[in-house]
Amino acid sequence: MSNSKKPESSKAYLAGLANQVPSSSRRDFLKKGIKFSTGLAATAATSAAISDNLPPNIPSWSKTLGSGVVSTPYGIPSKFEKNVIRRTVPWLTADKISSISMSPIQELKGIITPNGLVFERYHAGAPIVNPEEHRLMIHGLVDNPLIFTMDDLMRFPSESVINFLECPANGGMEWRGPQMEALQFTHGMISCCEWTGVRLSTLLAEVGVQTKGKWILAEGADGAAMSRSIPMDKALDDALIVYAQNGEMLRPEQGYPVRLFNPGWEGNTSVKWLRRLEIGDKPWHHREETSKYTDLMPDGRSRRFSYEQEANSVITSPCPENPWGQKGAYEIEGLAWSGRGKIKHVDVSIDGGVTWRPARLKGLVLSKALTRFSLPFKWSGAPLLLQSRAIDETGYVQPTLNQLRDIRGTNSIYHKNSIHTWQLQSNGKIKNVQLK
Amino acid sequence: MFSLNKLLVCLSFLVAITFSSIALAEDISHFGIGKTATPEEIAGWDIDVRPDGKGLPKGQGSISVGEELYEAKCASCHGSFGEGVGRWPPLAGGEDSLREDRPEKTVGSYWPYASTLWDYINRAMPFPAPQSLKPDEVYAITAYVLYLNDLVEDDFVLTQDNLASIKMPNEDNFYIDDRPDTNNTRCMKKCKDPSKIVVIQSLSGITPDQEKEESTTEQNNSLSETAIAGKAIYTSSCLVCHGSGVAGAPTLTDKESWAKRLEQGMDTVVKHAIGGFLGEKGMMPPKGGNMSLTDEDVKNAVHYMVEAE
């Protein structure tokens, strides 16, 4: 099979098979699912029988002492949460060094992604950078080229913002057909953190950008020397030079000790392990903005500099990993986001998009941040086709998959933000499907 | 007198307040933090190249030199003809395929500028040893990849003066992002005909098993000291090929292949790893293409690969 040579092609090949899934493999999956749930029930029954920790008994942990302070100097999640981890799709890339992992968004609460669960994307692995020896150089069309140490950067006034970070390939495995049987793999290339750093505009004022300076090349200190051309307008608008996430210094996976952060834009523009910013009068057209991260259209032409992550949403409960059980009351809950501003509305459909009802936005509703939506629902046990549809403050309405495919075909890899469909079966299980 | 003193005190207090707020306001426009970058410091880091040739260092490279370098440093992943090995990217072919159902995006069929090729090889290739090539080597390999795509003749010599004049076939087919490109509306009722909904089911069997625990902690217990020392080298320099088995490279778990090689003795295996080796099944470039490794590094890494489970 010549297609197996290239990640995109093999991906596409596999996706192409989606239209002709043999029913036997669907049965296999169902069987597997059923086996899994029986397994869970058995475990629960066994542990209840032997533990004596349930009412009216006093649980064992109430009758002993726990561990003392600093027994875990840097805290870790409960051992019962060890399934909440980043995961990758091994066949997607040639190796793990230039690859991607997904956040377990099916397990996360609120809008903040814990630092250890933020999705990873490396082009040459995550380097170990010594902050003492790391420098950020800003030069090019400037009056005074400067080199900053980490201490220098932290002397500038800092700002904190809560913004999502998303890979433009999020959902990209499903252009041709549904093929991922889990939310983590259909939508997990997204995370949302509080990011702290100095405004890029502050540093640009410090070096004095000359009037001809319209573009900035951002370059990382990793083995890919990852580079992207950023327009000056974005730099002066809301770009940050970030050194902390969720209150602590950046994780190595996220660019420790310092990265660029472009709110609302595709993640790769937020260059990690940032070592250099060069001001120029034209873009550089580097590999990651020509060969990759351009969107091939059906007419054979390609969009370049497609920076913005358009409004998107997905139901996180129920989802394949969070099935429903008996009929009764549930909360349909999910995440919505837009790279162009705040989420204004999210609508939910239970009949595959024939009728829609507004969901409630809950908690913080912030610009370019993950936003929670909720719709309490009494389930009768009937099969449903569940969908969510985000509308952002610009009035943009999240498109259907057919609308997106009509314009972009199936080979553009990036920026697939279409309405997603979960099929709820009468047994409470959820399948990833697409509607024609 | 007393009241005058009081007034003066008050005045000076006011003045002090006013001065301090002015001083703060001035600070916001200019902080004076950071050290001026010297021309030498900038030159050392300023590696980027643009389509108009800005940023190219002096140098040149021929197809014949490029072919030799390409075979030694690139072919193990990209294939001798740029066809790509395993999942590693193909570099050549795919002409006129961009409108097809399965487009092949290569340097020749897709990349808009030749400068991008020079820049990327220089900044990021070869994959296990980035920024290890000299300018003339980058020119030669760039020339050879262009040659693999039939974009230059076999007597072509690429230099800093002619690179910008190479016109790539797909250059004119890129345009600036024109989204939003969809126009969905917020319909709430009777938005489509329910009888026309066709449900397409998901492909089964290719989703990773989320119940399987990721084995992140490896056991070092059974490893020799040499092997433990080689583990980090393996991860940074050898894993690329020996992790996936590219170009006939034995993987860690392929004990049979290792046993066969060890029949010649560990010293020979290490010698081949350091000096390079061309076998029936594939080739081992000297030090895996990362010449910054010491002989000791390579030896340790080989021990790790042989011993690791």
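Which residue in S6(A) does Ala218(A) stand opposite? I looked it up and found Arg228(A) opposite Ala218(A) in S6(A).

I note that this is a predicted model, in which local features need pLDDT of at least 70, side-chain atom pairs count only at pLDDT 80 or more, and totals for chains, interfaces and linings use all residues. Residues are numbered from 1 along each chain as its sequence is written, and chains are lettered from A and ligands numbered from 1 in the order in which they are written.

**Strand S5 of chain A.** I took helices (H or I, at least four residues) and strands (E, at least two) as DSSP runs, numbered from the N terminus. I call strands paired if DSSP finds at least two bridges between them. S5(A) runs antiparallel to S6 (residues 227-231) of chain A, joined by five bridges. In their hairpin, with six residues between the strands, I found Ala225(A) at a positive phi near 40°. Six bridges join S5(A) to S10 (residues 274-280) of chain A, also antiparallel; there Ile216(A) has Ile279(A) as its bridge partner.

I then checked burial (buried: 20 or more other C-beta atoms within 10 Å of a residue's own, C-beta atoms being placed from the backbone). Six of the six residues of S5(A), 215-220, are buried, so the strand is largely enclosed by the rest of the structure. Trp215(A), Leu217(A) and Glu219(A) point one way, and Ile216(A), Ala218(A) and Gly220(A) the other.

**Between the chains.** I found S21 (residues 430-435) of chain A paired antiparallel with S5(B) over two bridges. Leu435(A) has Val199(B) as its bridge partner in S5(B).

Technical notes
A residue is buried if 20 or more other C-beta atoms lie within 10 Å of its own, exposed if 12 or fewer, and partly exposed in between; C-beta atoms are placed from the backbone.
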